[in-house]
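Here is a short briefing on helix packing and nonpolar cores. Please look over the sequence and model first.

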Amino acid sequence: MNELTISNIVSIILKRIWLVIIVAVLCGALAFGYCSFLATPVYRANTSILITNGGIITESSDDSIQTNDLSASIYLVDTCVDILKSQKIYKDLSTALGEKYSYSSLKGGFSISRRDEESLFIDISFRSTDKEEAKIIVNAFTQLAPSYTEEILPSVTVEILDTADSTSCVYPQTLSTTVVFAMLGAAVICILLVLIATLDQAIKDEEDFMAHFDIPVLGSVPDFDNSPTYAYRAKTGNVSTGGQ
């Protein structure tokens, strides 16, 4: 096996850089074609709600926020996330939507999470292959969330902050997918080129010989059979002349 160095690897790749470029372009083109013409788009609609413990705003004239109420509200958010992931609300949602969807399929399309560790906001999203369907379903769920949560935790107040008026396409990500596949194609062909060159034990030229053996080269024997010189071929009878 030939010894590999960084310079050898770079040299191997540069000798076949045209092949690397072709493979990268082909892989990128295939990925772009799939994303543009074959993949089924998936859309996401988002809403958000605010969770408080009911006493976060005082009745005083300055409406100051009490530290204890704020801490209690922060503590309750994770509990409310768990409540909104329970099975019953999805059954109620299925009923509210006219039983057109099973509660299990509805639950599988939702993503419910706290915005960050110290946030009172819960972000709700639903994915669907239909834009309008995604908006309708996530808005219906968000309308159910306050009464459902407050029924289980009476001290909690849930306020709807955002409703879904638009959607975003989450699949496929055409640009990023095209770039990733082009890079993967280039990486794979580079690895193959290096492996082939490493496993090839043939001595191809003077430089290759000197790289393998610490022996000075005094001269080389020309390849007369493939010589482009007409004079030599004529003398040795390797070419035909005028009517002969």
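This is a predicted model: local features need pLDDT of at least 70, side-chain atom pairs count only at pLDDT 80 or more; totals for chains, interfaces and linings use all residues.

Residues are numbered from 1 along each chain as its sequence is written, and side-chain values use heavy atoms, without hydrogens or water.

**Helix pair**

- Helix 2 (residues 17–38) and helix 7 (residues 174–199) have axes that come within 7 Å and cross at roughly 150°.
- The crossing of helix 2 and helix 7 is right-handed.
- Contact means heavy atoms within 4.5 Å. Among the residues that meet are Leu19, Val23 and Phe32 in helix 2, and Phe181, Gly185 and Leu193 in helix 7.
- The residues of this contact comprise 14 nonpolar, six polar and no charged (Gly counts as polar; Asp, Glu, Lys and Arg as charged; Ala, Val, Leu, Ile, Met, Phe, Trp, Tyr, Cys and Pro as nonpolar).

**Nonpolar cores**

- A nonpolar core joins buried Ala, Val, Leu, Ile, Met, Phe, Trp, Tyr and Cys residues through side-chain atoms within 4.5 Å. Buried means under 20% relative accessible area, with a 1.4 Å probe and protein chains only.
- The largest core has 31 residues; Phe110, Ile122 and Phe141 touch the most other members.
- Helix 3 gives the largest share of this core, seven residues.
- Ile122 touches Ile49, Val77, Val81 and Leu84, among others, not counting residues up to four places away in sequence.
- A second, separate core of ten residues includes Ala24, Ala186, Ile189 and Val194.

Definitions and conventions: Axes are lines fitted to C-alpha atoms, for helices over the stretch in contact, and angles run from 0 to 180 degrees between N-to-C directions. Helices (H or I, at least four residues) and strands (E, at least two) are DSSP runs, numbered from the N terminus. A crossing is left-handed if the near helix is turned anticlockwise from the far one by less than a right angle, and right-handed if clockwise. Buried means under 20% relative accessible area, exposed over 50%, partly exposed in between (1.4 Å probe, protein chains only).
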